[in-house]
Amino acid sequence: TSGDFNTVLGYNAGSGLTDGGYNVLIGKDAGLVTNGGRNVMIGTLVADAATSCDNNVIIGDGAVGTGVLTGNQNVVIGSEAGKVMTSATDTVLIGYQAGQSMQSSEYSICIGRSAGEDMVSNRLTAIGYYAGANTTATGNTFLGFNTGSANIGGEYNVAMGYNALYQPDGESYNVAIGTDALGGAIAGGEGNVAVGTSTLVA
């Protein structure tokens, strides 16, 4: 390599490094990055297909494990988190399998086991187990266990609370606050505000 100030530890770690600099690559097959710089990649098979990515922090066995990562400024922490991530930028994934099937996203935050697991969206905030796990739409905020988990195409929803807005799949512009609020299949309902346990659940 012609890169400078790299720290590499582990079998085959950083083996593809050509001219990248200021990387920390620790673990078996960790960070097989080519010319990226200022990355921290720790764990077995972590980011082992990365190419020219910069300024990423990726920690956990198999995190970004198979994706050909070219995205920058991401934080991915957790086993198999962001496993197939490619061109994502400015995205935070924390938790086992958080954002596991996500390839590209911008400005999203998913925290919790399987949060945003299969999401294909931008500007998603999902915090809690399985929160926003399937969404493909933009601008949703899901906070709580299973919130917005069935949402696919609905945009700009806000859900807070256990199982809030967990069945609607394509509705937009709803606000659900409270346990099971708007938790039922609302069949096209949009622009609703539901506050309280089981409000507008039918």
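In which sense do strand 2 and strand 3 pair, and over how many bridges? In this predicted model, local features require a pLDDT of at least 70 and side-chain atom pairs count only at pLDDT 80 or more, whereas totals for chains, interfaces and linings use all residues. Residues are numbered from 1 along each chain as its sequence is written, and side-chain values rest on heavy atoms, with hydrogens and water left out.

Strand 2 (residues 24-26) pairs with strand 3 (residues 40-42) in the parallel sense, over three bridges. Strands here are DSSP runs (E, at least two residues), numbered from the N terminus, and two of them are taken to pair if DSSP finds at least two bridges between them. Within this pairing, Leu25 has Met41 of strand 3 as its bridge partner. The two strands belong to an open sheet of 12 strands, in the order 1-2-3-4-5-6-7-8-9-10-11-12 and with parallel pairing. Strand 1 (7-9) and strand 12 (193-195) each have a single partner strand and stand at the edges, so one side of each lacks a neighbour in the sheet. On average, neighbouring strands of this sheet are turned by 5° against each other, direction ignored; the axes are lines fitted to C-alpha atoms, and angles run from 0 to 180 degrees between N-to-C directions.

The loop between strand 9 (141-143) and strand 10 (158-160) contains Thr147. Thr147 is buried, with a relative accessible area of 0% (buried means under 20%, exposed over 50%, and partly exposed in between, with a 1.4 Å probe and protein chains only). Leaving aside residues up to four places away in sequence, Thr147 touches Tyr130, Ala131, Gly132, Phe142, Ala159, Gly161, Asn163 and Ala164, contact being heavy atoms within 4.5 Å. Between Thr147 and Val57 the C-alpha to C-alpha distance is 27 Å, at a separation of 90 residues in sequence.

Ile177 lies in strand 11 (residues 175-177) and is partly exposed, at 34% relative accessible area.

The structure holds one salt bridge, defined as a side-chain nitrogen of Lys or Arg within 4 Å of a carboxyl oxygen of Asp or Glu. The side chains of Lys28 and Asp29 form this contact at 2.7 Å, N to O. Asp29 counts as buried at 10% relative accessibility, whereas Lys28 counts as partly exposed at 42%.

Methods
Helix = DSSP H or I, 4+ residues; strand = E, 2+ residues; numbered from the N terminus.
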